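Student: I would like to learn how to read the features of a model. Please give me the general idea each time, then the case at hand.

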Amino acid sequence: QVQLVESGGGLVQPGGSLRLSCATSGFTFTSYAMNWYRQAPGKERELVAGITSAGVSRNYADSVKGRFTISRDNAKNTVYLQMNSLKPEDTAVYYCNARRVGIYGHAVDYWGKGTLVTVSS
């Protein structure tokens, strides 16, 4: 059974930091790129950060570049999102995503249930 379980969300003041974790099981973690998405109230889900299966390449949304860092531990089947200098506009539910694109272009996606991050004074 595939499981992606996010943790580490909570309430933090502007300028603060949080580290999100996503522990996974039930699939071959090293074959999947891992992504963090977020969805704020009334907005569409957006890609925040992604990391390739081997951890060689990372990409970030412009809004979080220089503040957020994605990493993965393939020995622990876990992906992380270190969030620094948090702003109120970072408030959202953060979702962990595992994605594998097959040789014919079809994608397999797994999702966690999300963890709420609230940035407020």
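Tutor: Start with burial. A residue is called buried under 20% relative accessible area, exposed over 50%, and partly exposed in between, using a 1.4 Å probe and protein chains only. Of the 121 residues in the protein chain, 39% are buried.

Student: What kind of model is this, and how are residues numbered?

Tutor: This is a predicted model, in which local features need pLDDT of at least 70 and side-chain atom pairs count only at pLDDT 80 or more, while totals for chains, interfaces and linings use all residues. Residues are numbered from 1 along each chain as its sequence is written, and side-chain values use heavy atoms, with hydrogens and water left out.

Student: How many helices and strands does the protein chain have?

Tutor: Helices (H or I, at least four residues) and strands (E, at least two) are DSSP runs, numbered from the N terminus. The protein chain has zero helices and 11 strands. Its pattern along the sequence is β-β-β-β-β-β-β-β-β-β-β.

Student: Why is the protein chain said to be as compact as a globular protein of that length?

Tutor: The radius of gyration is taken over C-alpha atoms, and the globule rule is 2.2 Å times the number of residues to the power 0.38. For 121 residues the rule gives 14 Å, and the radius of gyration of the protein chain is close to that, at 14 Å, so the chain is as compact as a globular protein of that length. The C-alpha trace spans about 45 × 25 × 25 Å along its principal axes.

Student: What share of the contacts joins residues 24 or more positions apart?

Tutor: A contact means heavy atoms within 4.5 Å. Among contacts in the protein chain with a separation of 6 or more, 53% are between residues 24 or more positions apart.

Student: Which residues does the disulfide join?

Tutor: A disulfide is a pair of cysteine sulfur atoms within 2.5 Å. A search of the whole structure finds one. It joins Cys-22 to Cys-96, with an S to S distance of 2.1 Å. Cys-22 is in strand β3 (residues 18–25) and Cys-96 in strand β9 (residues 92–101), so the pair links distant parts of the chain, 74 residues apart. The torsion about the S-S bond is about -85°, so this disulfide is left-handed.

Student: Are Cys-22 and Cys-96 buried or exposed?

Tutor: Cys-22 counts as buried because its relative accessibility is 0%. Cys-96 also has 0% relative accessibility and counts as buried.

Student: Where are Gly-55 and Val-56?

Tutor: Gly-55 is in the loop between β5 (46–51) and β6 (58–60), and the place of Val-56 is in the loop between β5 and β6. Gly-55 is buried, with 18% relative accessible area, whereas Val-56 counts as exposed at 71% relative accessibility. From Gly-55 to Ile-70, 15 residues along the chain, the C-alpha atoms are separated by 9.3 Å. Val-56 and Leu-116 are 60 residues apart in sequence and 28 Å apart in space, C-alpha to C-alpha.
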